[in-house]
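Take a walk through this protein, one part at a time.

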Amino acid sequence: MQPLLNAQQIHDADTYTIAHEPISSVDLMERAAKAFEQAFTARYGDTEKSIAIYCGTGNNGGDGLAIARLLTDYGFEKVDVKIARFANKFSDDFKSNLQRLSQTRIPITNFTSVAELKTEPADIIIDALLGNGLNKPLAGEYAQLVQQINNWHKTVVVVDVPTGFYSEGEINPDAIVIKADLAITFQQPKINFLLPDSKHAIKNWVAVDIGIDRNFTQQLNSPYQYLEESDIKKILRPRERFSNKGTYGHALIVAGQPETMGAALLCSSACVQAGAGLVTACIPQSGLVALNSYMPEIMAIVREGDLQPTIDWTKFSTMGIGPGLGKDDNALALLTDILTNYTKPVVIDADALNLLATHKQLWACLPKGSVLTPHMKEFDRLFGEHKNWWQRLQTAMQKAKELQIHIVLKNDYTIIASPDEKLYFNSTSNAAMASGGMGDVLTGIITALLAQKYSPLEACLAGVYLHGKAGDDLALPGKLWVVLPDKVAAQVPVSMAALMV
Ligand SMILES: NC(=O)C1=CN([C@@H]2O[C@H](COP(=O)(O)OP(=O)(O)OC[C@H]3O[C@@H](n4cnc5c(N)ncnc54)[C@H](O)[C@@H]3O)[C@@H](O)[C@H]2O)[C@@H](O)CC1
Ligand SMILES: Nc1ncnc2c1ncn2[C@@H]1O[C@H](COP(=O)(O)OP(=O)(O)O)[C@@H](O)[C@H]1O
Ligand SMILES: [K+]
């Protein structure tokens, strides 16, 4: 689990590392510049390309000066440095690196106003103007410079954070910010990199390790955490000798209408693939043939017209409710029946979420520890409109605590809010997975893990990670343009097994 720190905490962690590793501040800058150089050359290795490095006069600028030297040592012959001297403030490490750079043949241009700049001929611009030290929105010369750089429409690689971009807090869509093709960021993704509101500023990012003290960052107890493979390996348990289907629980999937049986099939088959010992699907009568031919492993409870099915509450270890269920009176009656009679944590998705949004009296019946899996629109239907994702994060944290539930807010970096006021960002999944039915598969996986007696938090963390990992294993790198949900479900046992070695 990697704690995601805010700008102040990152600054404190840098300071702590300098004092306790110990390492001099200028050597830490050198390490950061080296890490940048390695990530940069891995992607832009053509040393024939010309590079202009725009530097401020703080530590981000200091990084830029060191990077100019390291890229030249690497073999780039056309590197030049442009220093924006908009203020008369220089960090010590900037000064040391300027001193070192002036002993090389790398050209340095100083400018005090954007009007002095000519059109930039370089192939690639490196933005080392401002980083984590941003303390107010860009204005004046900085704002003009950033607009000018954006208007050149060059390939832009940024050091740590795009100039003008806030690492956390609400993103102002009108703010003036460098548009980055790639952000090479130090130690951890900045929290806002993981939110869709950063899309306009950052096409891609990569985090590089610069050896910041992990014990220090852990004990800051950040509410924001980034999931890593090692966390999931710790959660997953092997299937044991002498185990049988009873060992792995019996899940009930309540889903489907005649027109949306596909959702029920995807959800219940994913539940089988993710290891539930037994799976029963509660589906409309007309879907029975489809179910039996799609996956004979799944049993059925059929729903006929307005008749409510009889469910033996003691029989099931958990339930996943909602995919393709519809929002009619029968669906509402069934959801109400389940929530008032069943007491173990359940997974609520899709139409069941929409019913919850319009029937607030049901909230009180939600079993403690239950899991809600909304995408952005369902989330806003449940909790009200939000202007941006930062607001959604705060609501998710607050509602998970207030209702003692887990909220899985689906996205590129799906966010899991737990009742103890933590937000976990998932690091797997990819855009090839953006296709209808993918969420139904996720619901099936989380339900399967609950059936296997993983705690609700473990089921959410491992379920979301595995779902994305199965999609990544199928699609990346450059394997599949689109991954279909049933293929993700079928890949889950393979990806799970690979995680267990
Ligand atoms: N020793 C360290 O602390 C390390 C710092 N590193 C680099 O240092 C960066 C942070 O450096 P600094 O703290 O010097 O800050 P920056 O270099 O981001 O900014 C410099 C100064 O610009 C001023 N400023 C802020 N917002 C402004 C605005 N809107 N308009 C005009 N001026 C503004 C502030 O006075 C700020 O301190 C990181 O992003 C990273 O690149 C890395 O070298 C790793 C180690
Ligand atoms: N661009 C993307 N990058 C990563 N994951 C994605 C992307 N688009 C969709 N997904 C994943 O696919 C799933 C889509 O869920 P949802 O919107 O509920 O789909 P549906 O309702 O069609 O089943 C989520 O788990 C989400 O994380
Ligand atoms: K920068």
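What is the strand order in the open sheet of 7 strands? The order is 4-3-2-5-6-7-8, and the pairing is parallel. Strands (E, at least two residues) and helices (H or I, at least four) are DSSP runs, numbered from the N terminus. Two strands pair if DSSP finds at least two bridges between them.

A word on the model and its numbering. This is a predicted model, in which local features need pLDDT of at least 70 and side-chain atom pairs count only at pLDDT 80 or more, while totals for chains, interfaces and linings use all residues. Residues are numbered from 1 along each chain as its sequence is written, with chains lettered from A and ligands numbered from 1 in the order in which they are written. The mean pLDDT (the predictor's confidence in each residue, from 0 to 100) is 97 for the protein. 100% of its residues reach 70 or more. For the complex, the predictor gives an ipTM of 0.94 and a pTM of 0.96.

Back to the sheet of 7 strands. Its edges are strand 4 (108-111) and strand 8 (205-208). Each has a single partner strand, so one side of each is left without a neighbour in the sheet. From one strand to the next, the twist averages 20°. Angles run from 0 to 180 degrees between N-to-C directions, and axes are lines fitted to C-alpha atoms, for helices over the stretch in contact. Strand 3 (residues 79-84) pairs with strand 4 in the parallel sense, over 4 bridges. There, Ala84 stands opposite Phe111 of strand 4. Helix 2 packs on this sheet and touches strand 6 (155-159), strand 7 (182-186) and strand 8. The directions of helix 2 and strand 7 make about 150°. Contact means C-beta atoms, placed from the backbone, within 7 Å.

A second open sheet has 11 strands, in the order 1-9-18-17-16-15-14-13-10-11-12, with mixed pairing. Strand 1 (2-3) and strand 12 (299-303) are its edge strands, each pairing on one side only. Strand 1 runs antiparallel to strand 9 (residues 224-226), joined by 2 bridges. Pro3 has Gln225 of strand 9 as its bridge partner. Helix 15 (residues 456-475) packs on this sheet, and its direction makes about 10° with that of strand 16 (406-409).

Now the domains. The protein divides into domain 1 (2-226) and domain 2 (244-500), with bounds from an automatic or database domain assignment. Their centres, taken over C-alpha atoms, are 41 Å apart. In contact are 12 residues of domain 1 and 13 residues of domain 2.

Ligand 2 has 18 residues around it. Ser429, Ala431, Ala434, Met438 and Gly439 come nearest. Helix 14 (residues 438-451) gives the most to this shell, with 4 residues.

Finally, look at the backbone. A cis peptide bond joins Glu21 and Pro22, with omega about -15°. Pro22 lies in the loop between helix 1 (7-20) and helix 2. Another cis bond joins Leu476 and Pro477. Pro477 sits in the loop between helix 15 and helix 16 (485-500).

Technical notes:
A residue is near a molecule or strand if its C-beta atom, placed from the backbone, lies within 6 Å of it. Two residues are in contact if their C-beta atoms, placed from the backbone, lie within 7 Å.
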